[in-house]
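Take this structure one step at a time. Begin with the strands, then turn to the helices, the loops and a pocket.

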Amino acid sequence: MMKGRLITFEGIDGSGKSTLAKRVVRLLRKDYDIFFTKEPTTTWTGDVVRQSIDSDTDSLVELFLFIADHAENVALIKKELSQGKIIISDRYSDSQYAYQGVLLADRFEDPIKWIKEIHDGWNIKPDLTFLLLADPSVSLARCDRQKAKFEEIEFLEKVQKNYLKLADEEPERFIKIDAEKELAEMEKEVMDRITSYLERL
Ligand code: TYD
């Protein structure tokens with residue numbers, strides 16, 4: 001049996017990541033045993049996370065909720081990996097590093113380093129991570145958040161900067177995708193990368 005693999009999709013809100021991940025999953029299912037998951041998860045810990053996003057929750061509290069939900073995702077993934085499945089996760093620990101890294105920037109000297117340390121010893125590192133890159137003002141206009149406030153654009157710019165920093169630190173894991181391209185084009189690019197990666201194994 002083939003060893004399971006973990007492939008994640010990351011990017012700022014409205015980058016088209018969820019749509020792309022779903023389409024890729026549908027195509028991969030023709031040839032591979034796929035387990036699709038996302039963060040926030042569809043379990044009760046994910047509900048709690050969504051509740052915290054919708055209320056004015058302290059950023060540190062929110063971080064621990066996101067991490068609890070991530071631990072839930074890791075537990076789900078572990079089970080499926082042991083069965084040799086290919087796991088696709090729409091968001092994963094890099095979302096905690098990139099987003100909470102911005103929200104906790106005024107509380108810790110090196111928030112990303114600190115958040116990464118909390119994951120040490122139990123997190124499963126992805127084999128491949130697709131990072132969708134888009135202009136925050138374009139991607140915000142694409143989401144339902146039509147208001148596209150200046151602060152929101154500024155926030156997503158910082159999140160994307162964190163993602164790029166993470167990608168620089170691990171160039172062998174990250175594959176950057178220009179999310180301003182047509183969906184079909186992105187889909188082809190991602191499918192080519194995944195199939196050539198899986199065929200090399
Ligand atoms: P999102 O992927 O948009 O979820 P859904 O598709 O279910 O709406 O995630 C919700 C928001 O939470 C989004 O703005 C990104 C943010 N987020 C974090 O800040 N940290 C995290 O660890 C995760 C997983 C998401």
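Two strands count as paired if DSSP finds at least two bridges between them. Keep that cut-off in mind for this predicted model. Strand S1 (residues 5-11) and strand S4 (residues 128-133) run parallel, and five bridges join them. One of the residues involved is Gly11, whose bridge partner in S4 is Leu132.

Now widen the view to the sheet. What is the order of its five strands? Reading across, it is S2-S3-S1-S4-S5. The sheet is open, and the pairing is parallel. Strand S2 (34-38) and strand S5 (174-178) are the edge strands, each pairing on one side only. On average, neighbouring strands of this sheet are turned by 20° against each other, direction ignored.

Next come the helices. H3 lies across S1, S2 and strand S3 (86-90). Against S2, H3 runs at about 175°.

H3 also has a helix partner. Two packed helices are described by the angle between their axes and the distance between the axes. For helix H3 (residues 59-81) and helix H4 (residues 93-103), the angle is about 180° and the axes are 11 Å apart. Angles over 145 degrees count as roughly antiparallel, so H3 and H4 are roughly antiparallel to each other. From H3, the contact is made by Ser59, Glu62, Leu63, Phe66, Ile67 and His70. H4 contributes Ser93, Gln96, Gln100 and Leu103. By class, this contact of H3 with H4 has four nonpolar, five polar and one charged residues.

Two loops deserve a look. In the loop between S2 and helix H2 (44-54) sits Pro40. A cis peptide bond joins Glu39 to Pro40, with omega about -5°. Arg91 is placed in the loop between S3 and H4. Its phi is near 75°, a positive value in a residue other than glycine.

Finish with the second largest pocket. Rolling a probe the size of a water molecule over the atoms shows where empty space is left. In the second largest pocket, that space is about 180 Å³. Which helix gives the largest share of its lining? That is H4, with three residues. H4 and helix H5 (111-119) each supply at least two lining residues. The lining includes Ser93, Asp94 and Tyr97, along with Lys116 and His119. Asp120, Lys125, Glu170 and Arg173 are also among the lining residues. By class, the lining has two nonpolar, four polar and six charged residues.

Terms used. Residues are numbered from 1 along each chain as its sequence is written. This is a predicted model: local features need pLDDT of at least 70, side-chain atom pairs count only at pLDDT 80 or more; totals for chains, interfaces and linings use all residues. Side-chain values use heavy atoms; hydrogens and water are left out. Axes are lines fitted to C-alpha atoms, for helices over the stretch in contact, and angles run from 0 to 180 degrees between N-to-C directions. Helices (H or I, at least four residues) and strands (E, at least two) are DSSP runs, numbered from the N terminus. Angles under 35 degrees count as roughly parallel, over 145 as roughly antiparallel, 65 to 115 as roughly perpendicular and the rest as oblique. Contact means heavy atoms within 4.5 Å. Ala, Val, Leu, Ile, Met, Phe, Trp, Tyr, Cys and Pro count as nonpolar, Asp, Glu, Lys and Arg as charged, and the others, Gly among them, as polar. On a 1 Å grid over the protein atoms alone, a cavity is a set of points where a 1.4 Å probe fits but cannot get out, and a pocket is an open set with protein on both sides within 12 Å along at least five of seven lines; lining residues have an atom within 4 Å of a point. Grid points are joined across faces, edges and corners, and a volume is the space filled by probe spheres set on the points.
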